[in-house]
Structure formats: structure tokens, C-alpha cells
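Here are my notes on the model, point by point. Please read them with the structure open.

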Number of protein chains: 2
Amino acid sequence: MKRNVLIIGAGGVAQVVAHKCAQHNDILGNIHIASRTVEKCQQIVDSVREKGSLKTAGELQAHALDALDIEATKALIAETQSQLVINVGSPFINMSVLQACIETGAAYLDTAIHEDPGKICETPPWYANYEWKRRELCEENKVTAILGVGFDPGVVNAYAALGMDYFDSVSDIDIIDINAGDHGHYFATNFDPEINFREFTGRVWSWQNRQWVQNKMFEIKRTDDLPVVGKRTSYMTGHDELHSLSKNLDVPNIRFWMGFGDHYINVFTVLNSLGLLSEQPVTTAEGLEVVPLKVVKAVLPDPASLAPNYTGKTCIGDILKGKKDGKDKEIFIYNVADHKEAYEEVGSQGISYTAGVPPVAAAILIAQGVWDVQKMVNVEELDCKPFINLLNDIGLPTRIKDEEGDRPLSY
Amino acid sequence: MKRNVLIIGAGGVAQVVAHKCAQHNDILGNIHIASRTVEKCQQIVDSVREKGSLKTAGELQAHALDALDIEATKALIAETQSQLVINVGSPFINMSVLQACIETGAAYLDTAIHEDPGKICETPPWYANYEWKRRELCEENKVTAILGVGFDPGVVNAYAALGMDYFDSVSDIDIIDINAGDHGHYFATNFDPEINFREFTGRVWSWQNRQWVQNKMFEIKRTDDLPVVGKRTSYMTGHDELHSLSKNLDVPNIRFWMGFGDHYINVFTVLNSLGLLSEQPVTTAEGLEVVPLKVVKAVLPDPASLAPNYTGKTCIGDILKGKKDGKDKEIFIYNVADHKEAYEEVGSQGISYTAGVPPVAAAILIAQGVWDVQKMVNVEELDCKPFINLLNDIGLPTRIKDEEGDRPLSY
């Protein structure tokens with residue numbers, strides 16, 4: 001039974017992870033939070049203590065760590081006796097943290113694919129460029145590594161895998177992510193702008209007719225009438241989950257759709273067209289070398305600051321289409337989360353909440369031995385039923401909508 | 001008779017000034033061009049030589065100069081024996097260059113009001129904050145200083161003063177500046193973006209009912225059916241000329257209107273709302289201190305680069321309304337300039353052309369003794385008839401439209 005969690009990262013998602021781990025520290029053991037800026041970790045520790053989130057008495061400590069430094073990360077894992085490492089830092093650090101886990105035997109969990117700071121939208125499948133190169137090493141060392149176990153990727157991969165059981169064959173999986181929330185600002189991103197915009201500035205990869213297809217951002221859209229959030233337009237977007245589902249599920253068409261309002265698209269289009277979202281440096285007339293995207297990040301609201309006044313809900317789920325007993329069938333498996341409820345429970349907005357709760361559920365399942373598979377996997381390769389049941393209990397209930405109606409889903 | 005011109009600045013307007021001075025060097029004498037970056041001055045020199053713009057043999061030289069350094073500027077005026085200084089550099093250097101002229105006796109000409117880099121939209125009248133504080137000193141030293149003698153301010157001040165003669169009383173002067181040109185880029189500014197945006201990021205001052213009135217940018221608009229460029233929407237904008245015309249002409253309402261397309265306004269609004277047009281520094285996550293506006297400038301096209309492909313025309317003029325013989329009367333005095341013709345003649349686009357030709361006309365009038373007034377003046381305080389006649393001859397013809405039709409205007 002693995003115990004003691006090291007959380008790497010100190011943003012909005014790390015805040016949720018820390019609170020949720022604290023609520024289950026009878027199972028998870030001691031909790032350590034590490035990032036470059038120890039003050040940000042300490043703020044999370046203080047927030048957990050203020051809200052009284054710790055279920056039982058136990059260690060809860062902040063640490064300064066440069067997670068690109070593998071030796072330092074190994075030393076902290078050893079020092080804190082952590083057997084569970086939840087990496088919710090920037091996607092630039094995945095490979096270093098994974099290496100530290102492989103060398104120490106700690107289980108590794110993350111919520112996004114590794115990225116090279118100088119590249120965007122690399123050749124698919126993205127996992128093959130980085131994480132999957134360590135599959136054999138994980139297996140040899142009996143290291144449990146669960147990749148992409150946030151909401152999307154993560155829970156939506158579980159929805160896809162479990163949804164397959166309702167069909168004889170599935171032709172289409174469309175993952176839809178709608179944030180119908182309102183933060184009250186002229187413009188803001190829900191995650192680190194630097195990471196957030198990188199999702200949209202390059203090519204859009206989708207899996208269609210069992211092939212990778214390229215499109216431009218905002219080129220293809222759809223409108224769905226969804227539970228709770230109503231009629232919403234979403235745009236085909238490149239996203240992590242396609243890069244494992246396309247390999248692991250026998251489905252010819254898998255696409256990801258992100259909801260955007262016209263105002264968001266307008267602001268994004270202006271910034272992008274001017275080159276202000278570029279990760280490549282420019283030189284000012286005074287000779288200063290600056291990455292425009294970092295300046296945009298500096299003028300935008302800090303995503304963490306949005307939480308207190310965020311209202312409205314998110315709706316994220318999978319539409320599956322296929323055949324059952326010779327007839328066409330369609331189902332929607334989804335979750336609805338509420339920004340205000342998330343803030344009241346853990347001090348973060350709903351986007352961070354949906355991303356931060358699932359890796360804690362996964363850590364609990366590893367701690368309990370259910371998911372301690374001692375190899376590298378994506379979520380859809382696991383038995384997803386206990387995951388969904390646990391999420392139902394700890395804040396992210398799943399529902400299913402099909403020809404029999406709209407109802408809670410559990411196993 | 002004053003001779004020999006020192007041009008300060010090396011942007012698009014300086015390029016026009018240099019070519020036009022060269023075309024009249026029989027009257028103006030030697031030509032010297034100075035700016036911080038001597039290479040940019042040399043490029044202008046090369047362009048003048050390539051086009052064979054020099055009317056007679058004469059000196060034409062590039063110099064490196066920090067025009068904020070009064071002693072260095074005085075030394076260059078002395079060394080080049082310049083009696084005419086045309087300041088078309090950044091508006092941050094006006095007061096230093098003016099001081100150098102006062103101390104050397106050279107005539108001073110500029111095309112925009114002095115600005116403090118750290119302030120925008122100061123208390124009106126703007127001239128009273130800076131230049132007019134040197135009026136007495138100019139008079140004592142018999143220094144000719146002609147302020148704001150570009151097109152707007154400059155020629156439009158002359159239009160206002162001359163237009164008064166058609167009325168018994170004038171109630172309204174509306175100065176309208178329309179650029180109906182197309183540069184083919186997603187977005188670009190026609191001047192240095194840093195200076196250009198400063199015009200629109202603060203309050204809009206106008207002179208109404210003999211008082212200064214404040215509005216917001218893009219708050220008030222009008223649509224006019226104008227000669228050549230047709231139906232155009234323009235927005236009330238704060239602008240230099242109001243700050244002298246309101247003092248020098250007996251007119252209760254004087255407003256400035258700048259034409260903007262919906263796309264320009266959208267891009268401007270996005271950048272401004274996000275804080276990317278701010279002249280105040282922000283700090284990136286990495287600790288780098290950057291002025292956002294300087295980064296926007298770095299990603300936008302260099303205004304000088306727009307010229308070769310610029311097509312279309314500008315229309316700038318004054319609508320005057322008032323009474324004549326007890327009846328309502330309205331006239332429009334205006335110029336239409338063509339971007340492509342400007343480029344073919346002097347290698348700059350039409351906006352730079354309209355701004356750069358007038359100070360050369362003024363320099364010629366000083367050299368000829370007509371405008372060598374040996375004190376500080378704004379254009380409307382001078383006899384504007386020879387100015388209009390000279391502009392008719394050297395590339396900026398004036399027309400008038402009233403109840404008698406639309407026709408050339410000369411005296």
C-alpha cells in the first residue's frame with residue numbers, strides 16, 4: 001500500500017489537489033507541496049489549514065523545488081518518504097519528474113502531456129514524443145505511472161472507455177468541454193495563459209477515419225444543446241486525450257471540442273494575428289529581448305485571482321455514436337461542476353476543481369492497490385469503474401444521457 | 001535670409017522633409033539629417049541621392065545626435081551653420097531642441113506638441129504646459145519658432161484661420177482627418193505606434209461652448225460624405241490644434257475627428273482593454289520589467305515598411321459653420337493626398353507626406369523672410385495665404401467646397 005503524497009506545482013490545480021488529499025489523508029498519509037516559489041506552496045498549506053481540510057492529524061509541508069533538477073526531486077521524494085507524486089506543475093517538467101519517480105520507485109501521476117517550451121503542436125501522437133518512450137523503463141522498474149489523469153484528459157478517457165460497453169461498435173467519440181462560467185473580467189484565461197494559449201496557436205490535430213487530420217483553430221465548430229448549460233458552440237481543438245484514445249480504443253473518429261464565446265475568440269484572434277501570443281522572443285526598439293506571450297501573461301488577471309467571484313457551471317463529457325443491435329445509438333456521459341461550490345470547498349474555481357480532483361482519486365486508488373499497476377498507462381487502459389464511483393463520492397458526479405433519459409451513472 | 005537646414009529625426013516624416021528640402025535647396029541651402037541612429041539618417045541621404053531630389057549641388061549629410069542633449073544639439077547647429085531646424089523626431093525631444101535653437105538663434109519648426117514619456121493627455125491647453133513657457137524667451141532672443149506646422153496640426157490651423165474670412169461669425173470648426181488608404185496588413189499604425197496610440201489611450205479633450213470638455217475615446221462619432229473618399233465615419237479625438245486654435249480664434253466650438261474603421265477600433269479596444277497599450281512597465285513571471293506598448297510596437301509592422309504597397313487616398317480638412325449676412329453658411333477647406341504618388345515622389349506613404357511637406361513650406365517662407373517673425377507662433381497667428389499658395393505648388397493642393405461648388409483655393 002503506497003502512502004505519502006508529494007504534490008509538485010502551486011497553481012490553482014495544486015490548491016485543489018492539496019485540499020482533496022487533505023480530506024483523504026487517512027488513506028494518503030503525509031502531504032508535501034513543492035514548487036519553485038515556496039511562498040506559493042505555503043499559501044496552499046495555510047489555505048488547507050484555514051479550511052480545516054485535513055481529515056486526521058498528519059504532516060502538511062511546503063518545499064522549494066526546481067523540478068527540472070532530477071537529483072533534487074529524487075532527494076525530496078526520499079526525504080518526504082513520498083510513494084505518490086502528483087505532478088500538477090507546468091507541462092515542461094513532466095519528463096524530469098517522471099525520471100525521478102522511475103529512479104525512486106514512487107508512483108507518478110500527471111494531468112497534461114510533456115511540452116518542450118520552444119515547440120507547439122508537435123507530431124501526433126504527442127505521448128509518443130515524450131512519456132511513452134519511458135514505458136519499458138516503468139515496466140522494468142515496476143513503477144506505476146498514470147498519464148493524463150485530470151478531467152480532460154483523464155475522466156473523459158474513462159467516459160470513452162466505459163461508454164464503449166453500451167455499443168457493439170462505436171464510430172465517433174466527441175469530447176466536449178464547455179465552461180459556462182463568468183469571471184467578471186474583460187478577459188482572462190482559466191489556466192496559466194502561457195500554457196492555455198499554446199493549445200490554440202498551432203495546428204488542430206484530430207483523429208478521423210483512423211488518421212491524423214490537420215485543421216486550423218476556430219475552423220470547425222458545432223452547436224449542442226447540453227444539460228444544465230444549454231445551447232453552446234464549441235470549436236474543434238487539439239487536445240491530449242486524442243493522442244492515447246486513438247491508440248487504445250477501436251474508434252475511427254475521435255475529436256475534441258472546446259467551447260468559446262465570440263468575445264474570447266475575438267481577443268484571441270487579435271492577439272494571435274498581431275504575434276502577441278508567440279513564444280519566440282522579439283526585440284524592442286530599446287534592444288530588450290522579450291517573449292510577447294510572457295507580456296500578455298503579465299497584463300492578464302492571475303487565474304487564481306478569478307476564483308472568489310467566479311459564477312456559473314462547467315459541463316464536460318463524451319458524446320459516443322455507434323451501433324447497438326443493428327441500430328444507431330448515441331449517448332452522452334458527462335459531469336457538471338459549479339464554480340462557486342468549488343471555491344467554497346477548496347478555494348479554487350471550477351476549472352481547477354475538475355482538473356485537480358481526478359488525480360487525487362487516482363492516487364487513492366493506487367494507495368488502495370486498485371490502480372497500483374506497476375507500469376505506465378493512460379486512463380482508458382485501467383478498470384475505470386472504481387474511478388467513476390470514487391469521483392461520484394468526492395465531488396465530481398457522473399451522469400449519462402441516452403434514449404432512456406438523463407441519470408446518475410455508477411457501477 | 002536664413003539658410004541651411006538641420007532635420008532632426010529619421011522616420012517616415014523626416015524622409016519626406018529631406019526630399020522636399022532637397023527639391024528646394026536653391027532656397028534652403030545645405031541639408032543635414034540627425035538622429036540617434038546615424039544609419040537611418042544615411043538611408044534617407046541615400047534615398048534622396050537615388051531619386052536625384054537635390055535641385056542644385058549642395059551639402060547633404062547624416063549625423064548621429066542625442067537630441068535630448070542640448071549642448072550636443074547646439075554644437076551640431078553651429079558646426080553645420082544651420083539657421084533652420086526642422087524637428088520631426090519624437091515629441092519627447094521638443095523642449096531640448098527648442099532650447100538649443102533659442103541659444104543659437106536658429107529658427108525652430110516642429111509638427112507635434114512636446115510630450116513627457118510618462119504622461120498622457122495632460123491638462124489643456126497642452127502648449128501651455130511646455131512650449132508656450134518659452135514664448136518670452138523666443139521674443140527676447142528674436143528666435144522664430146513655428147509650432148505644429150505639419151498637416152494636422154499645421155495646415156488645418158491655416159484652413160481654420162483663412163476660413164474665418166468667409167463668415168461674419170463662426171460657431172463651429174470641425175477638423176476631419178480621414179485615411180482611406182489600404183496598407184494590406186492585418187493591422188499597422190501609420191506613425192510610430194508608441195506615439196500613435198498615446199493619442200487615443202487617455203481622455204479626449206474638445207473645445208465646446210468656449211470650455212474644455214472631456215470624453216472617452218470612440219464615445220462620439222460622426223459620418224460625413226466627403227470629396228473623393230466618400231462616406232466616412234470619424235471619432236472625436238484629442239489633438240494638438242485645438243490647444244492653440246481655442247486661444248487664437250474667436251470660435252466657441254472646435255473639435256477634431258479622426259477616421260477609424262471597425263477593424264482598427266476592435267484591435268485597439270482589445271489591446272487597450274488588456275493593458276497592452278500602457279506606457280507603464282509590468283513585470284513578467286520571470287522578473288523582466290517591460291513596457292507593454294514597446295512590445296506591441298515590436299510586433300507591429302515598421303510604419304516605414306508600409307509605404308511601397310500603400311494604396312488609396314487621405315482627405316483632411318476643416319468644416320466651418322457660422323453666419324454670413326444673417327444666413328447660415330458652411331464651408332469645407334481640404335486636401336486630398338495619394339499614398340502611391342507620395343511613395344513615387346519621396347519614398348514615403350501619404351500620411352508621412354502630408355505631415356512632412358508643410359514644415360518644408362514653412363522653412364522656405366522663413367528663408368524668404370515672409371515668415372521670419374522672430375518670435376514663437378502657432379500657424380494661425382501667421383499670414384497663411386502665402387503658405388497655402390506654396391503648398392499648392394509643392395504637392396499639397398488646397399480645395400474649398402461651399403454653396404458655390406468644389407474648387408481649388410489659392411490667393
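This is a predicted model: local features need pLDDT of at least 70, side-chain atom pairs count only at pLDDT 80 or more; totals for chains, interfaces and linings use all residues.

1. Start with the contacts of L109(A). Beyond its neighbours within four places in sequence, this residue touches V85(A), I86(A), N87(A), I146(A), V149(A), P359(A), A362(A), A363(A) and I366(A).

2. Is L109(A) buried or exposed? L109(A) is buried, because its relative accessible area of 0% falls under the 20% cut-off. L109(A) sits in strand β5 of chain A, which covers residues 107-110.

3. Next, β5 in chain B. Strand β5 (residues 107-110) of chain B pairs with strand β6 (residues 145-147) of chain B, in the parallel sense and over two bridges. Within that pair, L109(B) stands opposite I146(B). Helix α1 (residues 12-23) of chain B packs on the sheet. α1(B) touches β1 (5-8), β2 (31-35) and β4 (84-87) of chain B, and its direction makes about 165° with that of β1(B). Helix α4 (residues 70-79) of chain B packs on the sheet too, touching β1, β2, β3 and β4 of chain B. Its direction makes about 145° with that of β1(B).

4. The sheet itself, in chain B. It is open, has seven strands and shows parallel pairing. The strand order is β3-β2-β1-β4-β5-β6-β17 (chain B). Which strands form the edges? They are β3 (60-64) and β17 (376-378) of chain B, each of which pairs on one side only. On average, neighbouring strands are turned by 20° against each other, direction ignored.

5. Back to chain A, for a crossover. Strands β2 (residues 31-35) and β3 (residues 60-64) of chain A pair in the parallel sense, over five bridges. I33(A) stands opposite A62(A) in β3(A). Between β2(A) and β3(A) the chain passes through helix α3 (residues 38-50) of chain A, and this β-α-β crossover is right-handed.

6. α3(A) also has a helix partner. Helix α1 (residues 12-23) of chain A packs against α3(A) at an angle of about 40°, with the axes 10 Å apart. That angle makes α1(A) oblique to α3(A). The crossing of the two helices is right-handed. From α1(A), A14(A), Q15(A), A18(A), H19(A) and A22(A) take part; they meet I44(A), S47(A) and V48(A) of α3(A). As background, an α-helix has 3.6 residues a turn, so residues three or four places apart point the same way.

7. Helix α5 (residues 94-104) of chain A deserves a look. Nine of its 11 residues are buried, so α5(A) is largely enclosed by the rest of the structure. The buried residues are N94(A), M95(A), S96(A), V97(A), L98(A), Q99(A), A100(A), C101(A) and I102(A). After α5(A) comes G105(A), with a positive phi near 85°.

8. How many residues of helix α8 (residues 155-163) of chain A are buried? Nine of nine, which leaves α8(A) mostly covered. The buried set includes N157(A), Y159(A) and G163(A). What covers them? The buried residues of α8(A) pack against β7 (169-182), α10 (242-248), β15 (311-324), β16 (327-338), α14 (350-367) and α15 (385-394) of chain A.

How values were computed:
Residues are numbered from 1 along each chain as its sequence is written. Chains are lettered from A and ligands numbered from 1 in the order in which they are written. Side-chain values use heavy atoms; hydrogens and water are left out. Buried means under 20% relative accessible area, exposed over 50%, partly exposed in between (1.4 Å probe, protein chains only). Helices (H or I, at least four residues) and strands (E, at least two) are DSSP runs, numbered from the N terminus. Contact means heavy atoms within 4.5 Å. Two strands pair if DSSP finds at least two bridges between them. A crossover is right-handed if, with the strands pointing away from the viewer, the path from the first strand over the helix to the second runs clockwise. Axes are lines fitted to C-alpha atoms, for helices over the stretch in contact, and angles run from 0 to 180 degrees between N-to-C directions. Angles under 35 degrees count as roughly parallel, over 145 as roughly antiparallel, 65 to 115 as roughly perpendicular and the rest as oblique. A crossing is left-handed if the near helix is turned anticlockwise from the far one by less than a right angle, and right-handed if clockwise.
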